[in-house]
Amino acid sequence: MSFFSFELDPALAADPVFDLHRRGKMTMSATVPLASRDDLSLAYTPGVARVCEAIAEDESLYSDYTWTSNTVAVVTDGSAVLGLGNIGPKAAMPVMEGKSVLFKQFGGVDSIPIVLDTQDVEGIIATVKAMAPSFGGINLEDISAPRCFEIERRLDAELDIPVFHDDQHGTAVVTLAALRNAAALLGRRFADLRVVISGAGAAGVAITQTLIAAGVQGANMIVVDSRGIIHGERGGLTGMKAELAATTNFSGRSGGISEALIGADVLVGVSGGNIPEEALAGMAPGAIIFALANPTPEVHPSVAHRHAAIVATGRSDFPNQINNVLAFPGIFRGALDVQATTITDRMKVAAADAIAAIVADDLRPEAIVPSPLDPRVAPAVAAAVAAAAIEDGVARRAVAPSPAPEPQRA
């Protein structure tokens with residue numbers, strides 16, 4: 001059967017989703033003309049050799065004279081794709097393509113989807129390091145916990161370009177933005193919020209760390225995993241969960257989600273499980289519930305509203321969608337503009353504050369974050385991230401470069 005002449009199942013052929021995805025969602029276009037011999041001599045041999053020689057003598061020219069100043073790799077092993085689980089690299093490619101077109105549409109960032117046919121930590125690290133010179137940043141995507149923590153930590157330490165696991169930090173940045181505005185709307189002091197995080201995977205860990213970096217007291221935070229509340233006396237804690245035990249829940253509360261939520265101001269669900277309504281009844285009056293599992297929230301909004309003043313989900317069909325597209329295009333745009341070597345906590349907090357500020361003058365219980373389609377978001381986030389990178393001393397240039405050239409149209 002030829003690759004180009006297969007018969008599609010009639011049911012799929014009639015589905016507009018499959019029609020849109022036929023032959024993929026992206027392509028590559030040249031930014032220079034190739035219409036004459038002179039064009040060829042400049043874009044390729046012999047002209048290109050002069051650029052190669054200049055870079056060989058001075059590697060600082062690399063980002064100015066290649067696409068790397070505006071290009072990110074979107075990398076996955078297919079082990080934790082959306083809510084679909086470990087479906088493998090080929091089945092993950094449509095999501096990575098989608099991520100790439102979001103980068104371009106919202107941040108003007110070029111990106112290449114890369115799916116790896118290995119789920120070995122060392123293999124992934126070695127592969128990404130080997131291909132890193134082709135890119136200005138690495139966006140890790142849909143890699144399961146706890147492997148994702150080690151992969152990101154190692155790559156961030158060993159590469160001199162930004163490495164960002166969006167399932168962790170993108171979610172955390174938008175959650176922080178939403179919580180800032182929810183607290184402001186309700187007249188709560190952000191630093192005093194009593195927060196419960198349901199889920200200790202990639203997103204749960206990053207949200208916990210980011211909220212602490214932004215000023216929430218770790219003493220007032222409780223993280224719950226499938227075995228219950230994480231605390232210092234609980235046996236079998238290793239790696240990231242041991243770190244969570246050391247930085248949260250200073251009172252040593254134990255038990256399950258019901259015990260965790262007693263007196264809580266905020267519930268952030270990133271577990272994919274189900275939280276019973278009776279557990280919500282123990283929360284403080286006027287609570288905040290972010291039930292972010294997608295497509296099925298831990299608490300349905302109709303139930304959450306019986307116990308909370310403000311409710312958010314990860315879905316587009318309910319108000320207050322906590323959508324990573326509010327964060328990652330602008331974060332990478334800002335990091336690339338100043339050639340940042342890493343993405344710091346200050347850069348993430350700055351991104352969240354920029355997102356929150358977009359709607360700060362028009363806060364309503366059903367509008368604590370901007371729409372993912374709001375054109376103001378990515379430029380504001382990029383500017384804030386670039387300024388924070390300069391302030392943190394991780395920027396290699398103090399001003400943004402000239403805009404990347406647009407593709408040549410036939």
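This is a predicted model: local features need pLDDT of at least 70, side-chain atom pairs count only at pLDDT 80 or more; totals for chains, interfaces and linings use all residues.

**Confidence**

I began with pLDDT, the predictor's confidence in each residue, from 0 to 100. The protein averages 91, and 94% of the residues score at least 70. Residues are numbered from 1 along each chain as its sequence is written, and side-chain values use heavy atoms, with hydrogens and water left out.

Helix α6 (residues 121-131) has the highest confidence, at 98, and helix α1 (residues 10-13) the lowest, at a mean of 67. Helices (H or I, at least four residues) and strands (E, at least two) are DSSP runs, numbered from the N terminus. Over residues 1-5 pLDDT stays under 50, and the model has 2 contacts for them beyond four places in sequence; contact means heavy atoms within 4.5 Å.

**The annotated pair**

I looked up the UniProt record: an unreviewed entry puts the feature "active site" at Y44 and K99. The two are spread over 56 residues of sequence and also spread in space, up to 30.6 Å between C-alpha atoms. UniProt positions are in the numbering used here, feature names are shortened, and annotations may be inferred rather than shown by experiment.

Buried or exposed, what is Y44? Y44 is exposed, because its relative accessible area is 57%. (Buried means under 20% relative accessible area, exposed over 50%, partly exposed in between, with a 1.4 Å probe and protein chains only.) I found Y44 in the loop between α3 (37-43) and α4 (47-57).

K99 sits in helix α5 (residues 89-107) and is buried, at 8% relative accessible area. Leaving aside neighbours within four places in sequence, K99 touches V74, N139, E141, D166 and F328. With E141, the K99 side chain makes a side-chain polar contact of 3.0 Å. (A polar contact is a pair of N or O atoms within 3.5 Å; within protein, one must be able to donate a hydrogen and the other to accept it, and residues adjacent in sequence count only if both atoms are side-chain atoms.) K99 also lies over the face of F328, 4.1 Å from the ring centre. (That needs NZ of Lys or CZ of Arg within 6 Å of the ring centre and within 35 degrees of the ring normal.)

**Aromatic pairs**

How many aromatic pairs does the structure hold? I get 4. (Rings of Phe, Tyr and Trp, its six-membered ring, pair if their centres lie within 6.5 Å; planes under 30 degrees apart count as stacked, over 60 as edge-to-face and the rest as tilted.) One of them is W67 with F135, tilted, at 6.4 Å centre to centre and 35° between the planes. This pair links distant parts of the chain, 68 residues apart. W67 is partly exposed at 41% relative accessibility, whereas F135 is buried at 7%.

I then checked F103 and F332: their ring centres are 5.4 Å apart and their planes at 75°, so the pair is edge-to-face. F103 is in helix α5 and F332 in helix α14 (residues 328-337), 229 residues apart. Both are buried. Last entry: F103, F164, F328 and F332 form one aromatic cluster, and F328 is the ring that K99 lies over.
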